[in-house]
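User: Hey, could you walk me through this one? I'd like to start with the contacts between charges and rings.

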Protein chains: 2
Amino acid sequence: MNNTSSNIHIYIAAHAEQVETALRQTLPAAWDVPSSLRESMDYSLMAGGKRLRPIMVLAAAEALGGSLEAAMPIAIAIELVHTYSLVHDDLPAMDNDDYRRGKLTNHKVYGEAMAILAGDALLTHAFYSITQAHKKHGAQADRVLAITEELAVLAGARGMVGGQAADMLGEQGLTKLEELTYIHTHKTSDLIVFSLRAGGHIAGATDEQLEALSKFGHALGLAFQIQDDILDIIGDEKKLGKPVKSDEKQMKVTFPYFIGMEASEQRVHELTQQAKDALNHSTIANPDRLLQIADYLMKRDH
Amino acid sequence: MNNTSSNIHIYIAAHAEQVETALRQTLPAAWDVPSSLRESMDYSLMAGGKRLRPIMVLAAAEALGGSLEAAMPIAIAIELVHTYSLVHDDLPAMDNDDYRRGKLTNHKVYGEAMAILAGDALLTHAFYSITQAHKKHGAQADRVLAITEELAVLAGARGMVGGQAADMLGEQGLTKLEELTYIHTHKTSDLIVFSLRAGGHIAGATDEQLEALSKFGHALGLAFQIQDDILDIIGDEKKLGKPVKSDEKQMKVTFPYFIGMEASEQRVHELTQQAKDALNHSTIANPDRLLQIADYLMKRDH
């Protein structure tokens, strides 16, 4: 491990810890919420995970000299959305998964009705969290509204939910690589693009800088998902916390299925380079952490 | 039918028609959305319904001299939230209803997975719609953010979803009228309070006026739900579009169950009067339509 990669590990761990702390506080104990609903929400929210999306919000804000404090409610929002999507995706009517990250899935613990409601409440709470960037931390109202709109687009029918719907509809077998790319783009890249742009908005990014963050996020998200496809095949159960090839079992197709393992790995490298180029050709003053995150993700083994 | 009640019928019908038109346009054909997802969303969104919540947004805005145009995206948002809640409530894991308003429920037509995703997408789109009040119609950014926050609270874990969770948890039999009141308040009143306050925000309402709208909405929402309980028992199948006493069958309890039919009807009258008093004692300049809507709801037979 060289000095830079050591640094980025520390950077990621430190930011992940800040995110964990903020996540623990996002549903104040004083709020009047039925206890089973609160437990169900907390269970999935605090079930671990890499917290990559919130870290990207913070890193993008930092790259442009923005306030970490104002960026945190947005970081929390994207983790709330990511968590709700996992809770709903795991449902029997969807992927029907019993385990996630080595723990029982939400509906296995709290029942299907509560898992549906917890997902709904987590999604709704994400939009609450966004508003606090303005209300509590003084982020500009029109920027926070832009963030709200972008989350609604990128997590909605044209974004993540659309990707999930296409995934469900295509489960009987996809016929084209384009279909898989559509699914990966919307299920994965869209939330990463949101995270980066939202951090940019908080820091007052220009349109050109937002566009560079979009390009970075789009390529990085696709690389991340192809890497996931690869790891799903070569990874071992312990590291992933779920049975290896669980996707293959369900007849889902992956990038290696279409173009082979070696070409998939090549694609991850190309996309990562493409992502980095977008930042390097932009006016973003301090892109180093974002560039290091791109390399870190490419080299991860889980 | 006297002149006033005739007028309010025309007023409601005209506003409902405007809402229908706007609802038809809220998911532009040009948007790239998987077709089954779009159809599933459209199916429930355009499945009829009284459009009462959006009408209340518009009526509250008008009562304070606000712009109907700027209020419309908010009116659409609340109908999107109401619709998503019905789609998810009807799911097999929840109320397991096959019919709503005389039509097959969403999951009976599109399957459970698509119904879950359509609900998620409708909820997400509601927040998109809110942002358009600022972006397209010039509503003040800080007011629109306040509306966003209030929707997230009143439709979330502390609001509607909390009410639904309490309803699910209490299905084995409630022991107290207070529990039922909690459920009715959050499942029904909260979105009505939101609708009225949001219309107020668009019109630049003062804190005192917003508070009057909250009181009006809270009492009116409870009256509305008790009236629903009553109609569920005395109504006939054709008018309601679902089997009479379907709630009783599922061991759910209602206001008449606790305090009897006559006392329930009395309570509807008292709450309606309480609602009207809140407006009459406020500085809201033109409360007439809202007052008439309160009477209209009390007298409805479906």
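This is a predicted model: local features need pLDDT of at least 70, side-chain atom pairs count only at pLDDT 80 or more; totals for chains, interfaces and linings use all residues.

User: Okay, now rings with rings. How many aromatic pairs are there over all chains?

Analyst: There are 7 of them. One of these is A:F127 with B:F127, a stacked pair with 4.0 Å centre to centre and 5° between the planes. This pair crosses between chains: A:F127 belongs to helix 6 (residues 112-135) of chain A, and B:F127 to helix 6 (residues 112-135) of chain B.

User: Are A:F127 and B:F127 buried or exposed?

Analyst: Both are buried.

User: Which aromatic pair does B:Y128 form with B:W31, stacked or edge-to-face?

Analyst: Edge-to-face: the planes are at 90° and the centres 5.5 Å apart. B:W31 is in the loop between helix 1 (3-24) and helix 2 (35-45) of chain B, while B:Y128 is in helix 6 of chain B, so the pair ties together parts that are 97 residues apart in sequence. Both B:W31 and B:Y128 are buried too.

User: What else does B:W31 touch? I've been looking at B:H125.

Analyst: Good pick. B:H125 lies in helix 6 of chain B. Setting aside neighbours within four places in sequence, B:H125 is in contact with B:T26, B:L27, B:W31 and B:L80.

User: Why does B:H125 count as buried?

Analyst: Because its relative accessible area is 7%, and buried means under 20%.

User: New topic: helix 8 of chain B. How many of its residues are buried?

Analyst: 9 of its 10 residues, so to speak the helix (residues 160-169) is mostly covered. Among the buried ones are B:M160, B:V161 and B:M168.

User: What covers them?

Analyst: The cover includes parts of both chains: helix 2 (35-45) and helix 6 from chain A, plus helix 4 (68-89), helix 7 (141-154) and helix 9 (177-202) from chain B.

User: Last one, the surface. Which residues make the nonpolar patch of about 260 Å²?

Analyst: A:Y99, A:L104 and A:V109 make that patch. A:L104 is in strand 2 (residues 103-104) of chain A.

User: And why is A:L104 called partly exposed?

Analyst: Because its relative accessibility is 36%, and partly exposed runs between the 20% cut-off for buried and the 50% cut-off for exposed.

Notes:
Residues are numbered from 1 along each chain as its sequence is written. Chains are lettered from A and ligands numbered from 1 in the order in which they are written. Side-chain values use heavy atoms; hydrogens and water are left out. Rings of Phe, Tyr and Trp (its six-membered ring) pair if their centres lie within 6.5 Å; planes under 30 degrees apart count as stacked, over 60 as edge-to-face and the rest as tilted. Helices (H or I, at least four residues) and strands (E, at least two) are DSSP runs, numbered from the N terminus. Buried means under 20% relative accessible area, exposed over 50%, partly exposed in between (1.4 Å probe, protein chains only). Patches are made of residues with over 30% relative accessible area and no salt bridge: like charges are joined within 9 Å, nonpolar side chains (Val, Leu, Ile, Met, Phe, Trp, Tyr) within 5 Å. Accessible areas come from the Shrake-Rupley method with a 1.4 Å probe; for residues, only the protein chains shown count as cover. A salt bridge is a side-chain nitrogen of Lys or Arg within 4 Å of a carboxyl oxygen of Asp or Glu. Contact means heavy atoms within 4.5 Å.
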